[in-house]
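Biologist: I am new to this structure. Please take me through one part of it closely, starting with its open space and then the helices around it.

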Amino acid sequence: MFSTLSRRLGAATLGVAATVLMIPADTGAADFSGKTIEFTVPFGPAGGSDVWARFFAPLIAEQLPGKPTIVVKNVPGGGSITGTNQFVQRAKPDGLSILGTSGSTQFPFLLDDPRVRYNYMDLIPIMLSPTGGAVYVNPSLGAKDARDIGKLKGKEMKYGSQGPTSLDLVPVLAAEILGLDVKPVFGMTRGEGRLAYERGEALYDYQTTSAYISNVVPLIKAGKAVPLFSWGVLNDKGEFVRDPSFPDLPHFAEAYEMAYGKPPSGIAYNAFKSFVVAGFAAQKPLFLPKGTSKEIVDTYVAAITRVVSAPDFKKRAGDEIGEYTQAVGPAAEKMMTVALSVDPEAKAWVKNWLVTKFNAKLGGN
Amino acid sequence: MLEPIGSALVTLLSGWHLLHMMIGVLVGMLVGVLPGLGSIAGMSLLLPFIYGMDPVSALAMLIGMLAVVPTGDTFTSILMGIPGSAASQATILDGFPMAKRGEAARALSAAFFSSMIGGVIGAAVLTVFVVVARPIILLFSSAELFMLTVLGLSMVGVLAGSSMLKGLLACGLGLLLGSVGAAPATGEWRMVMGIDYLVDAIPLAVMALGIFAIPEIVDLLRRNTAISETVELGRGWLRGIRDTIENRGIVLRCSGIGCVIGAMPGLGGSVADWLAYGHVVQLAKDKSQFGKGDVRGVLAPESANNSVAGGALIPTILFGIPGSGSTAIFLGGLILLGIQPGITMVETKLNLVYTIIWTLALANVVGAGLCFALSPAVARLTTIPYAYVAPFMLMVIFFAAYQATSHWGDILTLLAIGVVGIYMRRFGWPRPPLLIGFVLARGAETYLYQAVQFHGWTWILRPGVLILATITALSVWVGLRYGKSDIDEGGSSGAVRDRRPQLAFASAVLVASAYAVWDSVTQSYLARIFPLTVSVAVLLGVIGLLAVLLRRKQSRAVFDTETEPVAGRKSSEHYLLWMAGFLAASALFGFLIGLAAFFVVFLHVKARASIGRNTILTGSALLFLIAMSHVFTLDFPGGLLQATVDMPWPFR
């Protein structure tokens, strides 16, 4: 009996010892005094992601313990694949390397682009900046709002797109579900696409929220554009609701119902939902590398929470951030999981659709 | 309209705004003078200060920086033959020969004075057009933009040099090199030979440095003198200003060209200097001195590249679409200040718009003045024996090229393009057409494809297209009528006895074009049509050239600058090996250590520098690089050593 007890005691002692050993030596929050943090942006300077990173870098730096310097490092190439690959290969999990990607980084990953050597599941999301977007068409087509979408059927509409597998895939998917004949002309930036629309060459277009507010709303007021729908945003229950930036505009599913009397369904719509979430709701995630210790993650999450809850944050952020709520910590993680879990059947459908419709194979050849 | 113009000036001249503009101007000078750095580096230096600044001061600082970059980058173009940035490539053609002739002072003052005028004209155009330009810009659809690229390509006719066939072939090669990478229409990979680096296309900076700077450095090393053939710098300062005033017609016209090209979103400022240069050569009665140091060849691109900024701000402000690389940066800055560019900005913040314009004009004047003040000291560099200058130049161009995408591919491509440049120069293949083809390749293909997609083939009948086609036809006709220039930048050909070297080079072009044909055939229709057309044309042209080279001894096409060995002069290949050694050392031990070793050995062997001088020069070069990398947070190319051992900064 004694020996059993002693054995049990011994086991318990070992257990306690093991628990004690498992607690990291440094229990306080991470300290970054005098350190320089490298913020990798896999895009060139002055683009949307770069501006986003440069906006957040000093704010986060100020809230991190020890007030480190955060420098933005642009690693453009391969539509953001190059820089992300490089980060995943090289970044050490010491909290001194962070990565900010975008929907354009998510799509190639979701579509199994062979150039992708990163696994998004390994990265630790600490913040997520959503954005939205809205589709509008030329008034000459005869539609006044979403109810008239049926009137657009059978009319060929050109649309300036960055490329078949870019973020601009979403509006083409939307058109596919609505049964509209939208013909993308590839190789145009969002701005060039809008210019083609203003020239009357393109009849169908969309813009992300900030560009929509500053450049499309004046067109609508001048009677040169008819807004149809926004992508919508996900609420806490994971349902699509109206985008707070466009409270008067129906979201896609709503618009479909207004036009055809029933909600959208089917495999194409499943795919559409996944890509809207990955491309817009989860558009700009901020990551720490795989294997970063919990205390560093927590330190970052606390700092970013202070940044986004500062009373003047929304004012400072301006139109770029808009009405959207920044997801921080667990919320970001949850959203990222939703964004990355595309139903395999829907994924296969999109890949096949891209090949048959646009002869677009991923990764060049 | 007049009220906001006046009140914007008052705002700008009051308080700290002018001081902030000066800070911007100084940063712009710094990044402009250093090759490879440009407005992007300047922006990253200024951004941290912009937070919390009032918008007027912040804009003054940003515009002050952007305005003077194309003025400052003229130094290296004229004095060293190294393109300071993409905007001053054409300046090299006549500016550098002037510096060699001992006329650096005259060339610089002409360049700065015409830059200033171009910049002010750009600001004036912006003042008027920012309110009314919207419908005008909307007139230019992809079809008209395609015709503008055709107009650009037609300049090859006057820049072809002594052999039109070689000029056209060079242009074709440029178009092919510009098509390497993901196809604009389909994203298919073209001519990448399995190299990931090439998927994103060859960066323009790498191309320009390789094609112009490396052959120049090698040539000067072989001569082993100073850049300037005379010790006197010349007192040409006033002469340069007089040149500008005498040729005011050229300066005005080229400023106009700059504004128009700048205002076209997507065409980019690097086209403007070539168009302006070609235009001036076309209309000149006496073309004999172009390429050998004609001051008009400096005035044209310099007035154009500064007026581009004014033009490029029009679509930036009106549509929120950048008209050039540097306005893309400015756009980012505006958004960071919480200002969304677009028509709403003109309607609600006109005061701010005019602050931008005033700053642009003022910064151009201040920047030009600053350059004048700096010139005498900087121009002295041309009198130093080149063996001392060369290692610094090599350091700068390789480091600059690496900033294009921070990839070892940048460095290797630079060397490869440099080799092509050296042989083009030696065998009388003109290099400007190659660069024109390269700069315009992507635009020509993309816009043609988009025009056909939007309009079918009826795009040809659009009024704008017809007008531009007429202008192009006229420009070609005028060019032919006045006869073409004789731009032979590589010296003259001796009596060629051995034609084998140039046959070998032409054969290499044959193989390259055959590869391009083969590669295009494997692509889908939309990705194939452009490179296939060009590569078949190049293939046929080079077969024609080979036939001429094989059969005839006396022809303008037979050309070789290396006919007689000169005593004590090493071959180009000898110096290429030096560069290869430097790169090999960098690949093993990283750029800094490789560079240190290269400096020490090169200065010892080639410049016969004393140990003390050697140490000082090597040390200052390293310090300079480390300071740059620290200030601008730039990386060095790493080597095997860095890949295996975690080295401390700055050797990381």
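Modeller: The second largest pocket holds about 700 Å³ of space. A pocket here is an open set of points on a 1 Å grid over the protein atoms alone, where a 1.4 Å probe fits, with protein on both sides within 12 Å along at least five of seven lines. Points are joined across faces, edges and corners, and a volume is the space filled by probe spheres set on them. This is a predicted model: local features need pLDDT of at least 70, side-chain atom pairs count only at pLDDT 80 or more, and totals for chains, interfaces and linings use all residues. Residues are numbered from 1 along each chain as its sequence is written, chains are lettered from A and ligands numbered from 1 in the order in which they are written, and side-chain values use heavy atoms, leaving out hydrogens and water.

The second largest pocket has 26 lining residues, meaning residues with an atom within 4 Å of a point. Nearest its centre lie B:Leu177, B:Met193, B:Ile417, B:Val420 and B:Ala512. Helix 10 (164-179), helix 20 (408-426) and helix 23 (500-521) of chain B each give two or more residues to this lining. Helices are DSSP runs (H or I, at least four residues), numbered from the N terminus. Helix 20 of chain B gives the most, with eight residues. By class, the lining has 23 nonpolar, three polar and no charged residues. Ala, Val, Leu, Ile, Met, Phe, Trp, Tyr, Cys and Pro count as nonpolar, Asp, Glu, Lys and Arg as charged, and the others, Gly among them, as polar.

Now follow helix 20 of chain B to a partner. The axes of helix 11 (residues 204-223) of chain B and helix 20 of chain B come within 7 Å and cross at roughly 60°. Axes are lines fitted to C-alpha atoms, for helices over the stretch in contact, and angles run from 0 to 180 degrees between N-to-C directions. Helix 11 of chain B is therefore oblique to helix 20 of chain B. Angles under 35 degrees count as roughly parallel, over 145 as roughly antiparallel, 65 to 115 as roughly perpendicular and the rest as oblique. The crossing of these two helices is right-handed: the near helix is turned clockwise from the far one by less than a right angle. Among the residues that meet are B:Ile211 and B:Ile214 in helix 11 of chain B, and B:Ile417 and B:Gly421 in helix 20 of chain B. Contact means heavy atoms within 4.5 Å. This contact has 12 nonpolar, four polar and five charged residues.

Helix 7 (residues 104-139) and helix 18 (residues 350-379) of chain B cross at roughly 175°, their axes coming within 9 Å. That makes helix 7 of chain B roughly antiparallel to helix 18 of chain B. Their contact divides into 19 nonpolar, six polar and no charged residues.
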